[in-house]
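Please look at the charged side chains in this model. The points below go through their pairings one at a time.

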Amino acid sequence: MSAVVSSAVDARRSRVRLFIVTMLFLVTTVNYADRATLSIAGPALSKELHLDPVAMGYIFSAFGWSYVAAQVPGGWLLDRYGSRIVYAFSIIVWSIFTVMQGWIGFFNGAAAVTVLFALRFLVGIAEAPSFPANARIVAAWFPGNERGTASAFFNSGQYFATVLFAPLMGWIAHAYGWRYVFFVMGGLGIIMGMVWLKTIYGPKEHPGINEAEFDYIKEGGALVDLDAPKDDLKHERAPDSGPKWGHIRQLLGNRMMLGVYIGQYCINTLTYFFLTWFPVYLVKERGLSILQAGFVATLPALCGFIGGVLGGVISDAILRKTSSLTLARKIPIVGGMLLSMSIIACNYVDGQALVVGFMALAFFGKGIGALGWAVVSDTSPKEAGGVSGGLFNTFGNLSSITTPIVIGYILAATGSFNGALVFVGANALVAAIAYLVIVGKIERVVLKPSS
């Protein structure tokens, strides 16, 4: 009888949260596609502008410098003004700067390099609030036993971006020239920003949610008040609300969070190899054309996407079975990172099929282990959720600076990607060790009162 009643409740319950996470997935897909525009356009662009590997490494890193620097300010804006408006502004602005990168063809020599670096720098600033906002929205809309799957699903947009857009961008660069890659992807992002404003609301304001779904997510631990209007929260969103410097110090001094930060830095090393140097690797080291590289890149990306979704499903299944958040998050992360070390095997095979196969295996593992944002949703204190996500993304995306530069110097010194792949694989090992040795028990951080 109770099963019948439960089934009836489920039938009456709306599914707005599924639409919300789908929108997060789509926005994340566009986000990563815009980050990857330079990697697809890179071979032709570097040839036209006569850039060596070190110069390309620094240009690839331009996004990372500002993205990292703007994480905590971006998180503060989210905590102060809410996810919906800040995120919409972020999407539209980064897309405008993406369009503008297509105009660097009007410049020559050092001026072109300077303008390109500056525009990539501005894209980084504009994108800074995106992933902390994703984590806040998942925390507000999803109960704890669905949060791993939801976080893994939106995070898998980074792989789907390559599956969907790498062939498209490769074809555009081949047929129309590299400039149009920026024009098309930036225009798509502007449209996405407009759609976001029309469709995204918090649980208390969304017109499509019913009482059964609201009660279900709230009773399951969703922070439904996170972005509620100030009038509803009264003192919680007072004019002087927002995270304090003491909160930041406490987060930085927490051993569990330190291990998570180190792990995310190393995990993102794989991400930024894929977003920056991977197409160049296929063209320069493996002899493919730009068009071929765009299509070949889809298989590792597709495997990363499948691994990303599967990692969330596995994590939530372990949580339901064991009720241990620590086991549920650590098992996929550690296992996935160990599997990602297979990228080093590419140095020991010659056939293109084997190279792509090992890359696909590495990114499948990376997808399974990419549960950092689920951990952020699990552990962030309510009063500083945006800043917690910002700190996490700050440390994680230091790799967006170091990875392209280190690989650029390795290429300049050795003329080969062999050392670069060892560097990437070693970071996967360090990520696994960080979660095994440093993180300890995964639980929500409780902050002491701070002025």
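1. Arg329 is buried, as its relative accessibility is 0% (buried means under 20% relative accessible area, exposed over 50%, partly exposed in between, with a 1.4 Å probe and protein chains only). The model is a predicted one, in which local features need pLDDT of at least 70, side-chain atom pairs count only at pLDDT 80 or more, and totals for chains, interfaces and linings use all residues. Residues are numbered from 1 along each chain as its sequence is written, and side-chain values use heavy atoms, with hydrogens and water left out.

2. Arg329 forms a salt bridge with Asp378 at 2.7 Å, N to O (a salt bridge is a side-chain nitrogen of Lys or Arg within 4 Å of a carboxyl oxygen of Asp or Glu). Because Arg329 is in helix 17 and Asp378 in helix 19 (residues 372-379), this pair ties together parts 49 residues apart in sequence. Helices here are DSSP runs of H or I with at least four residues, numbered from the N terminus. Asp378 is buried too, at 6% relative accessibility.

3. Arg329 also meets Asp316 in a salt bridge, at 3.4 Å, N to O. Asp316 belongs to helix 16 (residues 298-322) and Arg329 to helix 17 (residues 325-340), so parts 13 residues apart in sequence are tied together. Both Asp316 and Arg329 are buried.

4. A further salt bridge joins Arg17 and Glu146 at 2.9 Å, N to O. The pair links distant parts of the chain, 129 residues apart: Arg17 is in helix 2 (residues 16-49) and Glu146 in helix 8 (residues 144-155). Arg17 is buried, with a relative accessible area of 5%.

5. In total, the structure holds five salt bridges.

Methods. Helix = DSSP H or I, 4+ residues; strand = E, 2+ residues; numbered from the N terminus.
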